[in-house]
Amino acid sequence: MTDNPEDRPSGAAAAVLVQSDEMPADAQKVEELDFNKIKGPITAEDLLNGMTNMGFQASAIAEAVRIIDGMRIWRDPETGDKTTIFLGYTSNLISSGLRGVLRWLVEHSHVSAIVTTAGGIEEDFIKCLGDTYMGSFSHDGATLRKKGLNRIGNLIVPNANYCAFEDWVVPILDKMLEEQEASKGTENEINWTPSKIIHRLGKEINDERSVYYWAWKNNIPVFCPALTDGSLGDMLYFHTFKTSPQQLRVDIVEDIRKVNTMSVRAKRAGMIVLGGGIVKHHIANACLMRNGAESAVYINTAQEFDGSDAGEISIELWTKQAPLTCRNFLQLCVDGYYDNTIFHRLVPNFILQGGDPSGTGNGGESIYDNGELSGEFDVWPMDQRTGRNAGLMGVGFKDEFHSRLKFTRRGLLAMTNEGEPNTNGSQFFFTLNQTDELNGKNTLFGRVVGDTMYNIIKMGESELIEGSERPMYPVKINKIEILVNPFEGMTKRVKAAAPLQKTVVVERKKKRKGGKQLLSFGDEEGDGNEDIHLPKKKKFDSRIVMDIDDDDSTSPAPTKKTKTIKHDKTTKPTTNELPKPKLEAVKETIRPVDPDSKAEKPLKNTSLCLETDEPEAPPEPELKRKSALEKMRDEIAAVKASIKQAHDTNVTEEKEIKKSALEKMIPENSVKGRRRRPGGEGISEKEERQAMSFLKNFQIKLGSIPGEAKTVSQDMPQEEPIASTSTEDADEEAAACDLHYIPNCESCRAWDKQDKTEESDDEGWMGHVLSFAADKLGKDLSYRKKAEEELVVIDPLAKARSLKEEKRNERGMRSEGKSSRAWDQQRNAQMARNAGLAGRGAK
């Protein structure tokens, strides 16, 4: 059976048969070790050179050989000094067969100093005193102990070797104590240190198989910061009881001074560390005194998470699901933004947070801030940005959530935010547990891979400062290395230096002693520009003063303290924004305009100042030179003044009544609703005359009633009638009625103010009987009866009652044996009664 190639699944073919990009021209090919090409005997050099391009750990070994060769051949061009090489190793290398290699290096002075552990010292001497045998890692320790055997990995050391070591070392310690005591008080007083003790033991062993014999012979210092951590420490402990009260004194401070001094004075420093722990730390700390070594080679089999190394974190990013977030993270890594930053926040069993250069949790920025990468063909165009992300002043970038990415386990990498959507910056965090509450709130864009997860776990167990989420010893990010970058062309950005901001010195004005306060919309004094002021239009109240000079220092009027209400620098306050306090005068200051500038400059330091009720200052003299606009405005104001003056001559002048500041703000052409008497004042003489006139007219009306003449009290003062219309009532305020606020309202016009020519047809109204026609428009009795016939009242409970009644009747019919016809008649009668009840409900 043959298949058609066109029938193959297109999706599978596209996924498997992906086209490859061309490899760079300088890409190194994997090379194999071909022994046929080696002429003559195969040497170690041939093997190591063949590992260079072999791959995996073989390439790392070849690279270590290259670095060490560089240490050995380097010479100072001026002094000819060699590289100061610090060799460090652990005790297992001495216990094993590699001891011979180390001895050869020391014998031929290929190293400058040695740093090792207590086991690395004593095992060398023990092997000189007895043999070590091969064993197995699976040997039971308890069984071996019963037989007097000790296991070191898969090596077996008889306990007799340690006994021989004790018998050999104790007499040496006695002799050293005697020399110490004998030298007291002399110029050459002996001060034992770990390196001096090791040299003494190397001299006493006198065995060329010993590493430390050759160290003593070639004067190569051997440092052991933990000399008491082993069998040698036990010997020193027992020796104190034997020689009490005298004791052997060992000074470790002198040794730390010696190793650090060697590092500082070295022309060039190199480190070869075989193993980890205290050996590596001691050498690295010594080289730290000279700001690091020029060359270093580490060889160990330990995992990073066990503390032997500082450790690394390998992460994998999901660039397809979160492209903006991954690009932001990788670009900051390329820029070195995260270098030397710390993990400043730790919430145990929750998250480990970092990425803030300030180390406070309040800093950080994204690569999209200030409109970066917002072009039409960039990764995030400006038309796709919204809210606080948009614009040239935008900050942060949007969240990227994916349905398949959830916070389901520890070791996930996500972005932190400000607790609001689309507020991502540079800070990130690793999860230390399943955190479902973060789904849909924080962008998830990567995860920790490999055994480096144990480093995250160890960092999550760090000790915290009491009462906070800050680690007591924060972990620092030394460097980030990008192995594969999916974003092509990403290079380190070079930021332009930000312009220096000029320091603005604000001078405080002297306290104002009285007078007006300023309503200012311009700059402060002292700008150095010539002040050009525009004349102001006259307001509705002529007592509002408008000074055209904003320089208060030239005003002769006394001044007072200024209350300032600050506004936004970029927003010009409008007239609608002005407050409405009790004002006596307002002073407006216009910002000076540069005569050379065509466009008006924006206002700065805008402020509002309210005036106090102080005596007004005389207006400032106008400028001599006026623009065409100013002259035109002056002419218009003059014409308006002349028209008003001509109009005012026809009106009877009366004494101006003093108004309050609130009354002055009411336009003069407004209609006043109700005139109220000022509180606390008595009845005026004018009002008394009006009241008497009203009573007199009412008395005359009563006297004209037919058949019921009334006598008028002689005590009533006889005065001339006062006309109902007066000069005061001629204005619009007096003519407006109290109810409708309509001038000359006929509905509210008083009966005594009716037109005198109008004839009255109700002269005897006091004796008339009130009678009214029948109301044909209202709901009278006939209308109600008609409504009872036409309207039907629906009772919501009537249906329920009828159903209950039917069931009751049905049960009764069954019990009495009535026919269905009789039952129907009874039901119809009941329905009729119900309808009658419903009809009566409308009455």
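E316 and R447 form a salt bridge, with their closest N and O atoms 3.0 Å apart. The term here means a side-chain nitrogen of Lys or Arg within 4 Å of a carboxyl oxygen of Asp or Glu. This pair ties together distant parts of the chain: E316 is in strand β9 (residues 315–317), R447 in strand β15 (residues 444–448), and 131 residues separate them. Strands are DSSP runs of E with at least two residues, helices are runs of H or I with at least four, and numbering goes from the N terminus.

For reference, buried is under 20% relative accessible area, exposed is over 50%, and partly exposed is in between (1.4 Å probe, protein chains only).

## About the model

Keep in mind that this is a predicted model: local features need pLDDT of at least 70, side-chain atom pairs count only at pLDDT 80 or more, and totals for chains, interfaces and linings use all residues. Residues are numbered from 1 along each chain as its sequence is written, and side-chain values use heavy atoms, with hydrogens and water left out.

## A loop pair and a helix pair

The side chains of E418 and R388 also meet in a salt bridge, at 3.2 Å from N to O. This one links distant parts of the chain through loops: E418 sits between β13 (412–415) and β14 (428–431), R388 between β12 (351–354) and β13, 30 residues apart. E418 counts as exposed at 54% relative accessibility, while R388 is partly exposed at 39%.

Over in helix α3 (residues 56–73), R72 and D69 lie three residues apart, about one turn of the helix. Their side chains make a salt bridge at 3.7 Å, N to O. R72 is partly exposed at 42%, and so is D69 at 34%.

## The whole chain

How many salt bridges does the rule give? The count comes to 15. Some share partners, joining E179, R200 and E204 into one network.

Zooming out, the chain has 22 helices and 20 strands, and 29% of its 843 residues count as buried. Counting a contact as heavy atoms within 4.5 Å, residues 24 or more positions apart account for 72% of the contacts with a separation of 6 or more. The accessible surface (Shrake-Rupley, 1.4 Å probe; for residues, only the protein chains shown count as cover) is about 58100 Å², with 53% belonging to carbon and sulfur atoms.
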